[in-house]
Amino acid sequence: MTEKKLQLERADDTVYKMRQQKETLETFISQFKSLFERERDLMREEQEICGNSDVSSFLSSQFDEAEDDYYKRYRTLLSHQETFETSFDEQSKKAKQIEKELTALEKEARL
């Protein structure tokens with residue numbers, strides 16, 4: 001029973017740390033998205049200011065590249081988030097299972 005208590009303690013600690021990492025990742029993704037939105041607005045403003053000048057095609061291509069790069073990185077972040085959430089869910093289930101086993105052992109010990 002002592003071993004199960006240690007397993008539960010370790011599992012709960014892992015879930016707690018993973019929950020913090022999950023929140024950090026969610027915050028990072030949100031900030032990443034906000035940063036790009038601000039950058040995109042500035043690039044659009046720059047395009048409007050330059051209008052039909054000699055640099056407008058260059059700015060347009062730079063904007064397209066930045067947008068493509070952003071979406072590629074954003075999809076990668078979302079993929080990492082999904083993988084992490086799956087791992088977090090599995091660890092949470094494991095902790096709950098250990099807790100059930102410990103409860104059953106404690107009930108047995110009382111009988």
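Glu-101 and Lys-4 form a salt bridge, with their closest N and O atoms 2.3 Å apart. A salt bridge here is a side-chain nitrogen of Lys or Arg within 4 Å of a carboxyl oxygen of Asp or Glu. Because Glu-101 belongs to helix H2 and Lys-4 to helix H1, the pair ties together parts that are 97 residues apart in sequence. Helices are DSSP runs (H or I, at least four residues), numbered from the N terminus. Glu-101 is partly exposed, at 28% relative accessibility; buried means under 20% relative accessible area, exposed over 50%, and partly exposed in between (1.4 Å probe, protein chains only).

The model is predicted: local features need pLDDT of at least 70 and side-chain atom pairs count only at pLDDT 80 or more, while totals for chains, interfaces and linings use all residues. Residues are numbered from 1 along each chain as its sequence is written, and side-chain values use heavy atoms, with hydrogens and water left out.

The structure holds 4 salt bridges, including the following.

| Pair | N to O distance |
|---|---|
| Glu-101 and Lys-4 | 2.3 Å |
| Lys-17 and Asp-13 | 3.3 Å |
| Glu-3 and Arg-10 | 3.8 Å |

Lys-17 and Asp-13 are 4 residues apart in helix H1, so about one helical turn separates them. Both are partly exposed: Lys-17 has a relative accessibility of 46%, and Asp-13 a relative accessible area of 36%. In the pair of Glu-3 and Arg-10, Glu-3 is partly exposed at 46% and Arg-10 is partly exposed at 48%.

Glu-67, in helix H2, is buried yet has no salt bridge. Its nearest side chain of opposite charge is Arg-44, 4.5 Å away; Lys and Arg count as positive and Asp and Glu as negative, with His and the chain ends not counted. Leaving aside neighbours within four places in sequence, Glu-67 is in contact (heavy atoms within 4.5 Å) with Phe-36, Arg-40 and Arg-44.

On the surface, Arg-19, Lys-93, Lys-96 and Lys-100 gather in a patch of positive charge. Such patches are made of residues with over 30% relative accessible area and no salt bridge, like charges being joined within 9 Å. Helix H2 (residues 56-110) supplies the largest share of this patch, 3 residues. Arg-19 is located in helix H1 (residues 2-50) and is partly exposed, with a relative accessible area of 39%.

Note on methods
Patches are made of residues with over 30% relative accessible area and no salt bridge: like charges are joined within 9 Å, nonpolar side chains (Val, Leu, Ile, Met, Phe, Trp, Tyr) within 5 Å. Accessible areas come from the Shrake-Rupley method with a 1.4 Å probe; for residues, only the protein chains shown count as cover. The place of a charge is taken as NZ of Lys, CZ of Arg, CG of Asp or CD of Glu. Helices (H or I, at least four residues) and strands (E, at least two) are DSSP runs, numbered from the N terminus.
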